[in-house]
Amino acid sequence: MTETTVSEINETRASLYWWFATLLTKELDKEQLAIYFCGEGVKLLDQLEQEALFTASVEKIKSALTTILPINKPELELAADFSQIFLTDTKAGAPPYASVYLSKSGQLFEQPHQDMVDLFTAQGLVVDPNFKEPADHIAIQLDYLGNLIIQDGEGVSDAQIDFIETNILSWLDMFVQATDKVKNSGFYQGICQLLQAYIKQDIAEIKA
Amino acid sequence: MSISRRSFLQGLLATSTAALVGPGLIQAAHAAAGDTAGQWKVSGSHWGAFRARVYAGKVQEIKAFEADKYPTDMLKGIKGIIYSPSRIRYPMVRYDWYLNREKSDTTQRGDNRFIRVTWDEAITLFHDELERMQTQYGPWAIHAGSTGWRSTGQVHSCGNHMARAIAMHGYTVNKVGDYSTGAGQTIMPYVLGTTEVYAQGTSWPLILKNSKTIVLWGTDLVKNLQVGWNCETHEAFEYLEQLKEKIARKEIRVISVDPVKSKTQNYLNSEQQYINPQTDVPFMLAIAHTLYKENLYDKKFIDTYALGFGDFVPYLLGATKDKVEKTPEWAEQICGIKADQIREFARMLVKERTQIMVGWSIQRQQHGEQPYWMAAVLATMLGQIGLPGGGISYAHHYSSVGVASTGAAGPGAFPRNPDKPDKRIHKNKDYKGYSSTIPVARWVDAILEPGKKIQANGATITLPDLKMMVFSGCNPWHHHQDRNNMKKAFHKLETVVTVDFTWTATCRFSDIVLPACTQWERNDLDLYGSYSGRGIIAMQKLVDPLFQSKTDFEIFTLLARKLGQEKDYTQGKNEMQWVKELYNGCVEANKASFPMPDFETFWKEGFVDFGKGKDWTRQAAFREDPEINSLGTPSGFIEIFSRKIDRYGYKECQGHPMWFEKAERSHGGPGSDKHPIWLQSCHPNKRLHSQMCDSEQFRATYAVKGREPIYLNPHDAKSRGIKDGDLVRVFNERGQLLAGAVVSDNFPSGVARIEEGAWYGPVDEKIGSLDTYGDPNTLTMDLATSELSQATSANTCQVQYEKFIGKVPAVTAFGGPKEIS
């Protein structure tokens with residue numbers, strides 16, 4: 001086994017979180033989806049599948065891709081799945097906002113949103129104004145986590161661990177469970193389950 | 001940090017994720033953070049004016065406007081509307097419609113499978129459908145005229161924006177009337193000369209000073225005065241407080257003619273005259289019979305001010321076709337009030353000064369024209385019309401009617417019609433024999449039975465073959481009757497477009513859903529007090545439009561841009577320029593009598609107060625001189641008999657008020673053997689129609705096990721093994737729903753209440769499926785009041801109910817985590 005440096009590992013960790021963030025930000029267009037039929041996406045999934053903890057969720061993702069492949073315009077089918085889970089409401093799916101799961105009111109823009117805004121403000125950051133979403137959107141949290149990891153460079157800061165535990169793990173299980181109620185191809189349910197498995201393994205590793 | 005076991009990551013190092021990772025979502029902030037406490041802003045609503053503290057781009061708290069001395073509890077629900085998880089966040093298109101357009105499987109409507117599109121694509125789809133309708137069919141195929149209670153604000157009034165932009169494209173089908181007062185507003189111009197339902201009433205101070213008896217006929221002031229058409233002032237509550245004191249001192253008697261003990265009765269601690277549901281006309285006829293037989297009626301008043309009494313009396317005496325004398329004994333069998341009590345009631349009415357206040361409930365039933373007309377006949381026989389504290393009104397429960405008008409002009413509105421010259425793209429006005437305007441409640445009939453001819457208010461209407469519906473700020477999947485019938489109708493529509501800020505059932509059954517922002521995410525202004533004209537309230541934008549939502553002004557400007565008419569649409573003015581222009585128009589109109597500050601001062605202070613108006617008596621001018629101040633009726637007099645209506649030759653609305661049996665009625669009436677319970681679906685106590693039902697925390701204050709309450713009589717509930725808090729299945733041949741039992745002595749045996757506006761949430765899109773939240777219009781009948789009004793008959797509805805046993809389905813009507821189980 002060749003020696004891998006911490007910074008290389010961190011870059012990969014960050015890339016994976018950014019990959020999840022990308023998938024949970026918006027629908028894949030035709031070209032982006034094609035990469036998962038034959039391209040880098042297939043390679044990535046194959047490698048992830050080898051890790052025992054991830055096998056089940058990767059299989060779910062692959063099975064969904066097999067289901068939609070023969071459909072005319074599979075990207076639209078997947079876009080409908082994305083909408084059904086993330087874009088309508090909690091009745092149809094699982095809004096990707098911590099506030100929905102953590103606040104007593106179940107409303108949007110509650111304390112988890114404010115916590116993220118405060119965190120960003122303290123570091124002179126803002127959510128891209130073109131991405132008009134509350135700051136407790138899962139994709140924003142994962143994007144920020146990737147940045148934290150890169151910032152840490154050679155090590156793992158307490159801030160990174162604290163962010164994963166306090167801001168993400170506090171609601172991720174509820175969110176992932178909510179996605180699983182939706183019946184469609186299962187692609188995004190698989191992605192969310194993979195994220196869940198990965199982040200749990202990751203936190204265990206970095207704390208070890 | 002251990003890395004040795006992380007072999008998969010090593011493997012991944014070889015994989016390029018560059019192609020798989022999109023752009024970042026976070027960037028460096030440019031501006032420094034602002035203040036830490038936030039800023040107080042002022043705004044308005046149907047629920048009243050308020051001040052809101054906005055901090056970090058979020059509405060943090062809301063408190064009632066200081067001029068409002070009786071704010072409604074519903075202000076607590078406002079934040080829940082803005083931040084509801086049911087918000088529509090992006091333009092959405094129903095997936096199967098997106099794939100197949102007009103050939104889509106319309107039975108899938110309501111199954112919640114949508115995709116997100118960009119605004120550009122959404123507006124293009126909307127435009128292309130309008131274009132296809134006009135070219136493939138014609139103006140008769142598009143109905144873009146159904147409107148509802150919208151949000152307040154004169155610049156952004158959603159119905160105006162929809163109407164103006166769509167009219168710039170071409171002609172469409174329109175509606176006449178509304179769901180609240182369809183029968184009342186149609187019959188009353190024949191009888192008293194105006195709609196009466198939307199008219200100022202005698203001022204409360206005069207009523208408090210002069211009335212000895214007030215009859216509240218099917219009206220619940222304390223419940224309904226919480227909301228107003230414009231920004232509500234709640235000034236009427238001051239007078240209700242005084243009325244309560246006068247009742248306690250026995251200076252005024254207040255009697256509710258009502259099957260249930262209303263909120264008003266409980267508040268005032270006043271009396272009730274129980275009556276069987278839907279039998280007001282027999283009671284009224286028997287009162288008239290008593291007044292006539294005992295010679296207690298005001299002959300002189302009738303001779304001077306009314307026409308047709310002589311044509312009416314034979315009916316009263318049983319000398320007409322039906323051969324039934326309308327005696328108290330006859331009425332007792334129907335209305336459940338003892339004959340002697342009826343006589344006593346009649347004598348009481350004439351004894352002293354009596355003000356009759358009629359609510360809207362009794363005209364929202366089959367033959368709803370009759371009790372309204374007959375009440376006017378009674379008031380005429382009493383001879384007190386036009387006297388302070390006497391006579392009759394039909395609106396004292398509405399928008400602070402009875403609070404004196406200042407006479408000040410309110411702000412105008414963003415124009416509803418295109419400007420001249422007419423530049424619309426499609427000038428085709430050929431409706432192919434179909435009617436271009438239909439009674440508001442008959443559009444579902446039109447979809448199901450195109451070409452059918454119906455009678456309406458003296459005209460023959462040919463129902464158009466509707467292919468496309470456009471709704472904006474309007475939720476027919478709450479206000480129309482008979483959901484399962486609506487599902488059938490929606491299978492026939494090719495395209496449905498809805499503009500709203502929240503996922504109402506109407507959105508769920510649509511093809512294109514466009515996210516508007518709420519009224520608190522835009523700048524606007526409004527009249528403070530619809531009838532009192534108390535002032536002008538600023539509606540300062542509290543926060544920017546959330547997610548990808550836009551103002552109605554922006555949305556329809558985009559459509560106008562698509563038509564190449566953006567400048568014509570906006571007149572080259574932006575939002576704030578419109579706010580300013582409407583304000584300045586108001587300054588100009590009021591300059592002689594109500595000097596107003598300049599716009600900048602107004603906007604900073606948020607309010608212009610016109611003060612209090614002068615007390616006024618309804619119909620006093622007519623009483624003073626009926627020739628000069630004649631009524632708006634065909635004759636200029638009160639019409640007890642209407643020649644005009646008589647000439648229409650209708651079966652269910654003839655020349656004078658009459659009793660007609662209902663299609664369904666409780667207490668021994670038709671259908672009561674199978675479905676013994678009368679279901680009333682009155683205006684809600686904790687919502688404005690369906691508005692605010694999506695406000696999660698506020699809804700939790702009244703919902704029962706997450707369901708809409710059904711109010712039940714203790715005996716009826718007990719006999720079915722139902723306890724307070726139980727889940728109840730309510731059903732009839734038209735549908736079924738789940739509701740939560742509230743057992744209360746306010747409700748007599750044979751009567752139940754589910755307030756209208758409860759959001760529809762069926763188990764699935766299939767016809768007949770159980771409604772999981774408790775929308776009463778799952779059970780109501782889509783039946784016209786009569787050939788005259790063709791209005792809604794929501795209160796003609798019999799049901800049965802039972803304790804719900806079995807697996808409880810999750811509520812599907814809203815967003816929100818509680819419903820995921």
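How are helix 8 of chain A and helix 9 of chain A oriented to each other?

I looked at this pair first. The model is predicted, so I took local features only at pLDDT of at least 70 and side-chain atom pairs only at pLDDT 80 or more, while totals for chains, interfaces and linings use all residues. Residues are numbered from 1 along each chain as its sequence is written, chains are lettered from A and ligands numbered from 1 in the order in which they are written, and side-chain values use heavy atoms, without hydrogens and water.

**Entry: helices 8 and 9, chain A**

I found that helix 8 (residues 138-152) and helix 9 (residues 158-180) of chain A have axes that come within 11 Å and cross at roughly 155°. Axes here are lines fitted to C-alpha atoms, for helices over the stretch in contact, and angles run from 0 to 180 degrees between N-to-C directions. Helices (H or I, at least four residues) and strands (E, at least two) are DSSP runs, numbered from the N terminus. Helix 8 and helix 9 of chain A are therefore roughly antiparallel; the classes are roughly parallel under 35 degrees, roughly antiparallel over 145, roughly perpendicular from 65 to 115, and oblique for the rest. I noted the crossing of helix 8 and helix 9 of chain A as left-handed, that is, the near helix is turned anticlockwise from the far one by less than a right angle, clockwise being right-handed.

In the contact (heavy atoms within 4.5 Å), residues of helix 8 including A:L142, A:L145 and A:I149 meet residues of helix 9 including A:F163, A:I168 and A:W171. I sorted the contact residues of helix 8 and helix 9 of chain A into 13 nonpolar, three polar and one charged. Ala, Val, Leu, Ile, Met, Phe, Trp, Tyr, Cys and Pro count as nonpolar, Asp, Glu, Lys and Arg as charged, and the others, Gly among them, as polar.

**Entry: helix 10, chain A**

I then checked helix 4 (residues 55-68) against helix 10 (residues 187-207) of chain A, and their axes lie 8 Å apart at an angle of about 160°. That makes helix 4 of chain A roughly antiparallel to helix 10 of chain A. Their crossing is left-handed. Among the residues in this contact are A:I61 and A:L65 of helix 4 and A:I191 and A:L194 of helix 10. The contact of helix 4 with helix 10 of chain A holds seven nonpolar, four polar and one charged residue.

Helix 5 (residues 74-87) of chain A also meets helix 10 of chain A, with axes that come within 9 Å and cross at roughly 60°. Helix 5 and helix 10 of chain A are therefore oblique to each other.

**Entry: chains A and B**

I read 84 residues of chain A and 62 residues of chain B in the contact. About 6400 Å² is buried between chain A and chain B, 60% of it from carbon and sulfur atoms; buried area is the accessible area (1.4 Å probe) that two parts lose on being put together, summed over both. I counted four salt bridges between chain A and chain B, each a side-chain nitrogen of Lys or Arg within 4 Å of a carboxyl oxygen of Asp or Glu. B:R116 forms a salt bridge with A:E27, with the closest N and O atoms 2.9 Å apart.

**Entry: chain B**

I looked up B:E196 and B:R618, whose side chains meet in a salt bridge (3.0 Å, N to O). These two residues are 422 residues apart. The peptide bond from B:K420 to B:P421 is cis, with omega near -5°.
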